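Welcome to this short briefing. Have the sequence and the 3D view open side by side as you read.

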Amino acid sequence: MTEDTKKYWHTSSFGGLVENIRKVKDEKKFNHLMDCLDSSITELETFPAGGDRASAIHIAIEKSKEEWWDKFSKQKTQISCRAGCAFCCHIMVAVTDDEASLLADKVRSGVSIDMEALNRQAAYGEDSSEVWLTKTNNETRCVFLDPEKKQCRIYDSRPASCRNYHVLSPAAQCDKESFPEAKVTICTVPDAEILASAAMNVSKVGSLPAMLLAKL
Ligand code: SF4
């Protein structure tokens with residue numbers, strides 16, 4: 001591993017890929033991962049910045065996940081995430097500037113959000129995952145989560161961070177109020193993580209509320 005790899009190390013809460021790459025001891029595998037990341041960054045740089053680039057990445061992430069689940073279908077059956085389970089929609093979501101543009105378009109086109117909550121959560125800061133952990137579920141509910149149906153109002157346009165969050169541990173343990181000490185285990189789909197990380201290399205990254213508010 002060389003000093004060059006540092007350019008891929010993000011400080012946002014979405015650091016899964018970074019941590020995983022750093023743990024790879026096999027040099028051949030490590031170099032392959034870095035090559036994949038490099039080529040994804042190079043390809044993304046040819047796209048104009050904005051919501052369309054975010055959508056293109058989202059499509060590529062879904063495709064890579066489908067291919068992964070085809071290969072590892074047993075692992076897919078172990079994922080505990082279910083419709084109507086939305087505890088993960090109360091932790092800080094990191095989004096790219098491109099994704100913030102996409103989400104702002106959704107709001108402008110009529111998706112309703114709680115502006116008071118957006119302002120309050122944006123004030124936690126752009127890199128505020130530690131602050132979010134000190135708040136109650138009620139305070140940290142994502143502005144796009146329908147509280148009655150417990151469904152994402154912009155599911156088809158949800159950020160890469162949401163798309164790549166697959167939980168293997170019991171779903172109830174994702175409730176940080178009831179299980180503050182529980183460890184949540186995430187299933188990583190490497191290609192999808194590489195795509196999300198590449199997107200974060202070509203675009204500014206910050207918390208969903210702070211980045212969205214700046215676009216409205
Ligand atoms: S954008 Fe949607 S999926 Fe992501 S945290 Fe918000 S409500 Fe949940």
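A residue counts as buried here if 20 or more other C-beta atoms lie within 10 Å of its own. By that cut-off, 32% of the 216 residues in the chain are buried. Please keep in mind that this is a predicted model.

**The chain overall**
- Eleven helices and six strands make up the secondary structure of the chain.
- Among contacts in the chain with a separation of 6 or more, 82% join residues 24 or more positions apart.

**Around the ligand**
- Which residues surround the ligand? They are C89, V93, C142, F144, L145, C152, R158, P159 and C162.
- By class, this shell holds eight nonpolar residues, one charged residue and no polar ones.

**Helices α2 and α10**
- Two packed helices are described by the angle between their axes and the distance between the axes.
- For helix α2 (residues 27-44) and helix α10 (residues 190-201), the axes come within 9 Å and cross at roughly 50 degrees.
- The crossing of α2 past α10 is right-handed.
- On the α2 side, the contact is made by L33, C36, L37, S40, I41 and L44; α10 contributes I194, L195, S197, A198, A199 and N201.
- Sorted by class, the contact of α2 with α10 has nine nonpolar residues, three polar residues and no charged ones.

Terms used: Residues numbered from 1 in each chain as written. Predicted model: local features only at pLDDT ≥ 70, side-chain atom pairs only at ≥ 80, totals over all residues. Near = placed C-beta within 6 Å. Nonpolar A, V, L, I, M, F, W, Y, C, P; charged D, E, K, R; others polar. Helix = DSSP H or I, 4+ residues; strand = E, 2+ residues; numbered from the N terminus. Buried ≥ 20, exposed ≤ 12 C-beta atoms within 10 Å, placed from the backbone. Contact = placed C-beta atoms within 7 Å. Axes fitted to C-alpha atoms, helices over the stretch in contact; angles between N-to-C directions. Left-handed = near helix turned anticlockwise from the far one by under 90°.
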